[in-house]
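Please look over the sequence and the model shown here, and then read on for a guided walk through the fold.

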Amino acid sequence: MALDRKDLAILAELTTNARASHTELAHKIGLSSTAMARRQKALEDDGYIQAYHAALDLAQFGLTTTVLVRIALESQSDDALKAFEAEVVKCPSVVRCFLMSGTDDYILIVLARDIQDFERIHRTELSRLPRVARVQSSFALREVVNRAVPTVVFGEAKR
């Protein structure tokens, strides 16, 4: 499915308010509610929209500390990678994990209540991960940008 200007407008609106009704979206984009619903369903069916999420204020849950954890494994063998990945998904404090190129094998995003809570997470979750040779942690001081989708997506998809 090739995206047109209206499809891109729908996607842009939904990234800022996934709960917008078909009527609200139709009004903003210049479509009938029926046409809006049909286009949104097509975007879902074609995989452009994979899910809808609620953005939570994690500070309300006491999670005020974001930690970027760089992990190097003892080996980059398939067994080592599989073993690490099978266990890291079980760590409740890890919200994102990326396999990396370069000197670190993985970068994890960990949410904690404070530094003491991160010490607990390090001791009970991270230090128990298999095949880890090195763990380095950096604490985020302040979040500057948090986008679900980079805005360039809507400009490039038009072409």
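What radius of gyration does the chain have, and what would a compact globule of 159 residues have? The chain has 20 Å, whereas a compact globule of 159 residues would have a value near 15 Å; the radius is taken over C-alpha atoms, and the globule rule is 2.2 Å times the number of residues to the power 0.38. Along its principal axes the C-alpha trace spans about 55 × 35 × 25 Å.

This is a predicted model, in which local features need pLDDT of at least 70 and side-chain atom pairs count only at pLDDT 80 or more, while totals for chains, interfaces and linings use all residues. Residues are numbered from 1 along each chain as its sequence is written, and side-chain values use heavy atoms, with hydrogens and water left out.

The chain holds 6 helices and 4 strands, in the order α-α-α-β-α-β-β-α-β-α from the N terminus; helices (H or I, at least four residues) and strands (E, at least two) are DSSP runs, numbered from the N terminus. Strand E2, residues 94-99, pairs with strand E3, residues 106-112, in the antiparallel sense over 5 bridges, where pairing requires that DSSP finds at least two bridges between two strands. Within this pair Phe98 stands opposite Ile107 in E3, and in the hairpin, which has 6 residues between the strands, Gly102 takes a positive phi near 95°.

Of the 159 residues in the chain, 28% are buried, that is, under 20% relative accessible area with a 1.4 Å probe, counting protein chains only. Among contacts (heavy atoms within 4.5 Å) between residues at least 6 apart in sequence, 64% join residues at least 24 apart.

How values were computed
Buried < 20%, exposed > 50% of the residue type's maximum accessible area, 1.4 Å probe, protein only.
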